[in-house]
Amino acid sequence: MSQSSPFFNRWLSQNGPDQVLSILTDLVDAGAVFAVDAEGKILFWSKGAEKLFGLMAESVLGRACAEALGCDGGHDPCGLAELGSIKAQEVQLKRPGGERLTCYRTARAFFDAEGQFAGALEFLQPQTATFGAIGQWDNDDSFHGILSRDPAMLEAIKIIRNVAETEATVLIRGESGTGKELVARALHQESPRHQQPFLAINCAALTPSLLESELFGHVKGAFTGAVRNHAGVFQRADGGTLFLDEVAELPLELQAKLLRVLQEQSFIPVGGDEAISVDVRIIAATHRSLREEVKAGRFREDLMYRLRVVPVFLPPLRERRLDVNLLLWHQIDRHNLRGRRHVNSIAPNAMRRLLDYQWPGNVRELINVVEYAFAVGRGNELSMEDLPPEFRESTAFTGNERLSPSKHARSQNEVEMIRDAIQVADGNLEAAASYLGMSRATFWRKRKKYKIDS
Ligand SMILES: Nc1ncnc2c1ncn2[C@@H]1O[C@H](COP(=O)(O)OP(=O)(O)OP(=O)(O)O)[C@@H](O)[C@H]1O
């Protein structure tokens, strides 16, 4: 967090905040800074923005950001009012003349006292200027938005970074919500194809005939209702990456067609008679074991070998308890930014319950749990009552404790939590403190109080 002296505001108004902002943004090399108001209208446009977007200030000031920059978004600049902040998101800029430029977008929203979106500051930096800095590992353990401190996840990320340069087909295995699509996107972003499209399709979400048409497209007249030619995702992803989610659900007849694309880099659209050649990198994902599916006769063995050239496994959240804490605090920080409620601690019994929980919906569920807590709860401490009913129904740490929160019961709980954290962190006290969301000083004080050694 940036710091300023108590005299900063006076100094700012003496020098003129607009002048200070202009000078500040000029100091940032090769980057565009702009500000929008609550309606998404552009209020400030830096010299860097003129250079990067190829648009002069006069032509954009006062105009709706989405319209001036030619993107969808209405009053909410690209979901920022929802998200609160965006860090190093990869975006494609279309400059006048059609040139495309890949940039990293970092933005922060402002919210008024009622928690209403009040505008935002955005910073865009061309990828070439940031190579080696943003988009690689950074201090908050994020890799293209993937947060983790878990050794198995870190290993998966290492594999992804290594194979990104190659053309190898990657098969990601993991339960729903473990981050398979996020990882696939990261792989694409790290690959030489990153300026080309990334398309995702869920093979379990469509009927076989719709899926075939979505994958390979169809020609006009191929079936009733096919009133014009339709390009499938293989064609639209040409030059880029196609993410096939839930690939184990692909019907056998489509497996044959997919195999042909992988072998020959070409396919025939539904109802067509001419093969279309494409250059697409496939990343597939499944929550099932493809080997088991092959054994059960539901999946072609030859296709399995084609798809799992590089297998990557994402462990379920219940097996990475260090990540539960990291992801919880990341989500809490995100909601804190919106200003309606500021959570700076989690009650020990709630934390214990969160750590013990099985997380069947993995990270997606965790995101929803924090959202629920901010919707129903009040105050600076996230308490057991702020958690969804399934957390409170558990017998272990609810009932009695909530009805008679005796100091003793609370300390017993804390002792167990601290012991557990030290054990999970293999005696690393710093990791154990962060796992519990405590500062090192608090952790040390509590260990001393309860006489817990490492
Ligand atoms: N390690 C992580 N760090 C930050 N966010 C994560 C992480 N893993 C998952 N998420 C977030 O959790 C949500 C679910 O992730 P994602 O859609 O990638 O999961 P998935 O395994 O593809 O799920 P499904 O199989 O159900 O499609 C997304 O909002 C994603 O951004």
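Reader: What is the order of the strands in the open sheet of 5 strands?

Author: The model is predicted: local features need pLDDT of at least 70, side-chain atom pairs count only at pLDDT 80 or more, and totals for chains, interfaces and linings use all residues. Residues are numbered from 1 along each chain as its sequence is written. Strands (E, at least two residues) and helices (H or I, at least four) are DSSP runs numbered from the N terminus, and two strands pair if DSSP finds at least two bridges between them. With parallel pairing, the open sheet has the order S9-S10-S13-S8-S14.

Reader: Which are the edge strands?

Author: An edge strand of this sheet pairs on one side only. That description applies to strand S9 (198–202) and strand S14 (310–313).

Reader: Which residue of S10 is the bridge partner of Asn202?

Author: S9 and strand S10 (residues 241–245) run parallel and are joined by 5 bridges. Within this pairing, Ala200 stands opposite Phe243. The bridge partner of Asn202 in S10 is Asp245.

Reader: What angle does the direction of helix H9 make with that of S10?

Author: Helix H9 (residues 180–190) packs on the sheet, touching S8, S9, S10, strand S13 (281–286) and S14; contact requires C-beta atoms, placed from the backbone, within 7 Å. Axes are lines fitted to C-alpha atoms, for helices over the stretch in contact, and angles run from 0 to 180 degrees between N-to-C directions. For H9 and S10 the angle is about 165 degrees.

Reader: Why is S10 largely enclosed by the rest of the structure?

Author: A residue is buried if 20 or more other C-beta atoms, placed from the backbone, lie within 10 Å of its own, exposed if 12 or fewer, and partly exposed in between. Thr241, Phe243 and Asp245 are buried on one side of S10, and Leu242 and Leu244 on the other. S10 is largely enclosed because its buried residues number 5 of the 5.

Reader: How many residues of H9 are buried?

Author: The buried residues of H9 include Lys180, Arg185, His188 and Glu190. H9 is therefore largely enclosed by the rest of the structure, its buried residues numbering 9 of the 11.

Reader: How many charged residues does the shell around the ligand have?

Author: Around the ligand stand 16 residues, the closest being Ser176, Gly179, Lys180, Glu181 and Val363; a residue is near if its C-beta atom, placed from the backbone, lies within 6 Å. Strand S7 (146–147), H9 and helix H17 (362–376) each supply at least two shell residues. Asp, Glu, Lys and Arg count as charged, Ala, Val, Leu, Ile, Met, Phe, Trp, Tyr, Cys and Pro as nonpolar, and the others, Gly among them, as polar. By class, the shell has 5 nonpolar, 7 polar and, as asked, 4 charged residues.

Note on methods. Contact = placed C-beta atoms within 7 Å.
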